[in-house]
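I opened the model to look up cavities, charge pairs, surface patches and a few loop residues. My entries follow in the order I made them.

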Amino acid sequence: MSDAAIPSPEAGRRSRSGTTYMVVGTMIAAVAAYLFQLIGARSLGPEAFAPIAVLWTVQFLVFTTVFMPMEQLTIRRLNAAESLAAPWSLFLGLIAAATVGAVLYGVATLDRSFDGDAWYLLILGVLIVAYGGFAIGRGFLAGRLRYREYGLSTFAESMLRLVLAVALLAAGVGALGLSWTLVAGALVIWLWNPLRGERSREEGAEREAGSTGTLATFITANAASQTIVAAGPLVVGMLGAAKAEVSIFFETFLLYRAPLTVSYSLVARVLPPFTRMVERGETATIKRWAARISAAGLVAAGAAFGIGLVIGDDLVAILLGEQFRPSSELAALAVAGVTLATVALFEQQLLIAMRSTRRMALAWGIALAVAALFLVPDGAGPSIRAGRAFLAGEITALLGLTAAILRRD
């Protein structure tokens with residue numbers, strides 16, 4: 001193994017100090033994101049807020065499905081033993097394809113999701129492009145152990161969106177104007193110049209063999225996982241729920257998705273050391289980690305379901321108002337499912353480090369199929385069926401990811 005995979009003492013000190021910025025910045029960003037949702041939902045109401053909920057959901061799905069693989073594979077590439085160049089044409093092609101797909105979805109659902117206002121299509125396209133750049137930038141920051149800048153950029157993205165939202169709502173701007181704040185937050189990444197010095201580092205470096213296939217299987221895995229995690233509001237709408245029910249489902253799951261939202265940024269901190277463990281051949285240690293994480297996650301999810309059943313709906317009503325109160329079962333399903341999804345995300349980092357994205361894709365594909373079975377009409381309403389599908393999918397996924405790691409040679 002080359003020295004590229006071994007951090008220098010200076011890099012080690014920098015990464016330790018930057019970890020604090022990363023954790024604190026991510027936590028504050030999560031709070032700011034929820035304040036944005038709380039203020040926006042209370043100011044506009046369930047009906048008027050629905051287009052914001054759809055924009056947020058589409059952006060979240062695209063980011064976690066397509067753009068997070070770009071970010072995480074960039075981190076892994078920069079922490080591998082070999083010096084490898086970024087697959088820029090592949091990244092730019094994915095951003096373009098994701099943008100076209102999102103806009104086409106907007107066209108197909110313009111009347112139902114956006115009240116027939118075509119301005120939302122422009123916002124949707126710009127939003128996806130902006131977050132594609134955000135993901136690439138954060139990948140380079142974390143890959144170069146610039147954790148301080150990573151944490152600050154994550155903090156700034158969410159805080160700028162919140163500050164602009166408060167100002168616009170105070171000025172009487174409606175949902176369309178508020179939508180532009182979603183775009184503005186993603187642009188702050190470039191204040192930290194994440195590509196600084198990368199051109200000279202990549203001169204003469206080879207492309208990673210099989211990078212297209214690796215990214216394709218990674219995206220396939222994330223497409224399945226994020227469909228389970230984040231497509232609920234879209235599914236509830238397609239199952240025939242009214243706009244108010246869609247907003248209630250969206251806000252309930254957004255609120256209880258806090259640990260998962262925070263973890264999407266924190267996994268950038270654990271992936272580099274996991275990658276170096278793989279480089280050193282510490283397979284037995286990785287398997288022990290996988291078994292312990294899975295067992296702890298199942299126990300925690302059981303406790304979370306009970307807590308959600310007792311106080312989950314009250315918490316939503318207290319924070320967002322009685323008009324957003326979910327049923328106690330929906331709240332419990334959200335809390336337990338998000339607990340499992342958070343644990344599965346960290347379990348997934350072990351497979352990414354092991355370059356086992358095909359096994360990861362298989363595990364999530366099976367989980368998605370199981371979740372789909374729970375959407376079959378059974379007398380329950382759209383929200384409850386979607387919530388049960390979410391929990392069933394996450395249980396299946398965690399068990400599948402753990403099995404994939406334990407069976408790895």
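**Entry 1**

I began with R325, which counts as partly exposed because its relative accessibility is 29%. For these classes, buried means under 20% relative accessible area, exposed over 50%, and partly exposed in between, with a 1.4 Å probe and protein chains only. I noted that this is a predicted model, in which local features need pLDDT of at least 70 and side-chain atom pairs count only at pLDDT 80 or more, while totals for chains, interfaces and linings use all residues. Residues are numbered from 1 along each chain as its sequence is written, and side-chain values use heavy atoms, with hydrogens and water left out.

Which side chain meets R325 at 2.7 Å, N to O? I found D314 there, in a salt bridge with R325. A salt bridge here is a side-chain nitrogen of Lys or Arg within 4 Å of a carboxyl oxygen of Asp or Glu. D314 sits in helix α12 (residues 283-320) and R325 in the loop between α12 and α13, so the pair links distant parts of the chain, eleven residues apart. Helices are DSSP runs of H or I with at least four residues, strands are runs of E with at least two, and both are numbered from the N terminus. D314 is partly exposed, at 34% relative accessibility.

I then looked at E322, which also forms a salt bridge with R325, the closest N and O atoms being 2.8 Å apart. E322 is exposed, with a relative accessible area of 52%. D313, D314, E322 and R325 are linked in a network of salt bridges.

**Entry 2: R138 and E71**

I read that the structure holds eight salt bridges. One of them joins the side chains of R138 and E71, at 3.3 Å from N to O. R138 lies in helix α4 and E71 in helix α1, so this pair ties together parts that are 67 residues apart in sequence. Are R138 and E71 buried or exposed? Both R138 and E71 are buried.

**Entry 3: A135**

I stayed in helix α4 to look up A135. A135 counts as buried because its relative accessibility is 0%. From C-alpha to C-alpha, A135 and T64 are 9.6 Å apart in space, though 71 residues apart in sequence.

**Entry 4: cavities**

How many cavities of 30 Å³ or more does the structure hold? I found three. A cavity is a set of points on a 1 Å grid over the protein atoms alone where a 1.4 Å probe fits but cannot get out, and lining residues have an atom within 4 Å of a point. Grid points are joined across faces, edges and corners, and a volume is the space filled by probe spheres set on the points.

The largest cavity has about 360 Å³ of space. Its lining has 22 residues, and the closest to the centre are F60, F63, E157, R161 and T261. Helices α1, α4 (119-143), α5 (147-170) and α11 (258-279) each supply at least two residues of this lining. The largest share, ten residues, comes from α1.

By class, I read eleven nonpolar, seven polar and four charged residues in the lining of the largest cavity. Ala, Val, Leu, Ile, Met, Phe, Trp, Tyr, Cys and Pro count as nonpolar, Asp, Glu, Lys and Arg as charged, and the others, Gly among them, as polar.

**Entry 5: a surface patch**

I next looked up V23, V24, M27 and I28, which form a nonpolar patch on the surface with about 310 Å² of accessible area together. Patches are made of residues with over 30% relative accessible area and no salt bridge, with like charges joined within 9 Å and nonpolar side chains (Val, Leu, Ile, Met, Phe, Trp, Tyr) within 5 Å. Accessible areas come from the Shrake-Rupley method with a 1.4 Å probe, and for residues only the protein chains shown count as cover. M27 is in helix α1 (residues 9-79) and is partly exposed, at 45% relative accessibility.

**Entry 6: loop residues**

L145 is in the loop between α4 and α5. Phi of L145 is near 60 degrees, a positive value in a residue other than glycine. L145 is buried, with a relative accessible area of 10%.

R355, in the loop between α13 (328-353) and α14 (357-373), has a positive phi near 60 degrees and is not glycine. R355 is partly exposed, at 38% relative accessible area.

I ended with F374, in the loop between α14 and α15 (382-406). F374 is partly exposed, at 37% relative accessibility.

Terms used:
On a 1 Å grid over the protein atoms alone, a cavity is a set of points where a 1.4 Å probe fits but cannot get out, and a pocket is an open set with protein on both sides within 12 Å along at least five of seven lines; lining residues have an atom within 4 Å of a point.
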